[in-house]
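Morning, everyone. I'll go through it piece by piece.

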Amino acid sequence: MTGRSAYDVLVVGPVSLDHNIDYLGNERREIGGAVVASGFAAAKSGNKTAVFTKLNPADADVENRFQGSGASVYWKPSASTCSIRNQYFTADKETRACTSMGVCDPFRFEELPDIETKLYHFAGLVYGDFDGPLFAQAAERGKVAVDVQCLLRHVEADQTMAFHDWAEKKTYLPYIDYLKTDAAEAEILTGLTDRAEAAKLLHSWGAKEVLITHNTEVLAYDGREIYTCPIKARNLSGRTGRGDTTFAGYITERQRAGIEEALLYCTALVSLKMETPGPFQGSRKDVEDYIHTFYK
């Protein structure tokens with residue numbers, strides 16, 4: 001025994017000082033980021049969860065942000081804190097313009113906390129947060145889950161954010177056990193608008209399981225069968241963090257359940273989460289009750 005703390009999942013990524021402006025001009029400022037939405041979703045679902053993030057400590061109290069999540073918090077200082085302005089143009093929050101107001105220092109494997117984990121969840125925000133060798137190093141220690149957003153979303157010279165294909169995808173996809181994209185990101189990676197066909201191509205390039213989110217459903221593919229589950233949220237007030245919540249719910253559930261069960265759990269989880277702004281604050285029982293009410 002090493003004596004090190006053991007966790008079901010380590011969620012890695014920058015927190016973000018978010019400025020979210022809805023289509024009516026209402027602004028909500030919060031400390032967000034994929035690591036927040038994913039960390040809460042994993043921990044509240046009953047998984048022993050650690051999060052590792054980087055920020056300038058003058059900008060935010062990271063321990064306070066994760067208070068009540070149930071996750072253990074590890075962090076290191078960064079010269080700058082990631083900060084993103086999201087301007088939404090429609091009520092359903094499906095179209096938005098993103099502007100970078102700050103970028104975090106890149107993450108390195110040797111910076112990760114000295115803990116035991118079965119699953120590394122890389123929840124980045126922009127290109128440069130992580131690189132392919134980081135995934136390869138993590139793959140030597142456990143399973144690797146990557147949300148592809150941070151490999152496609154680039155900060156341009158004028159601080160706007162634009163999506164570009166991941167040049168090294170065929171080199172590093174084979175190190176990834178669980179790959180998550182949304183429908184638009186899947187098209188950027190593969191050139192395909194058909195989500196099932198995109199998932200098959202991503203799998204053929206090496207990703208072992210592919211999860212593709214859409215505003216109507218979540219799709220999973222393992223190289224054998226396409227699985228889908230419908231989203232049944234009654235309102236979209238908590239749309240921000242949809243993909244992160246889905247992915248955290250899926251990959252942690254997959255450590256103890258089959259694909260269909262994990263897909264049902266994560267889709268019900270995100271449907272429930274989307275009804276309230278902020279990260280998921282419910283419990284595993286709340287999700288199970290939601291499944292019983294809306295999916296059975």
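Q87 is buried, at a relative accessible area of 19%. Buried here means under 20% relative accessible area, exposed means over 50%, and partly exposed lies in between, with a 1.4 Å probe and protein chains only. Q87 sits in strand β7. Beyond its neighbours within four places in sequence, Q87 is in contact with I21, D22, T95, R96 and A97. Contact means heavy atoms within 4.5 Å.

A word on the source. This is a predicted model: local features need pLDDT of at least 70, side-chain atom pairs count only at pLDDT 80 or more, and totals for chains, interfaces and linings use all residues. Numbering starts from 1 along each chain as its sequence is written, and side-chain values use heavy atoms, with hydrogens and water left out.

Back to β7. Strand β7 (residues 82-88) pairs with β3 (residues 16-21) in the parallel sense, over 6 bridges. Strands are DSSP E runs of at least two residues, helices are H or I runs of at least four, and both are numbered from the N terminus. Pairing needs at least two DSSP bridges between two strands. D18 has I84 in β7 as its bridge partner.

Now the whole sheet. It is open, with 4 strands in the order β4-β3-β7-β8 and mixed pairing. β4 (27-32) and β8 (96-102) are the edges; each has a single partner strand, so one side of each has no neighbour in the sheet.

Next, a hairpin. β16 (residues 217-221) and β17 run antiparallel, joined by 5 bridges. E217 stands opposite P230 in β17. There are 4 residues between the two strands, and G223 in the turn has a positive phi of about 95°. In a regular strand, side chains alternate between the two faces of the sheet.

Which helix is largely enclosed by the rest of the structure? α8, because 12 of its 12 residues are buried. Among them are R242, D244 and E253.

Last, the core. The largest nonpolar core has 91 residues; F66, F122, F135, W166, Y250 and L263 touch the most other members. Such a core is a set of buried Ala, Val, Leu, Ile, Met, Phe, Trp, Tyr and Cys residues joined through side-chain atoms within 4.5 Å. Helix α9 (residues 259-273) gives the largest share, 9 residues. Leaving out residues up to four places away in sequence, F66 touches V15, V35, V36, F40, V51 and V73.
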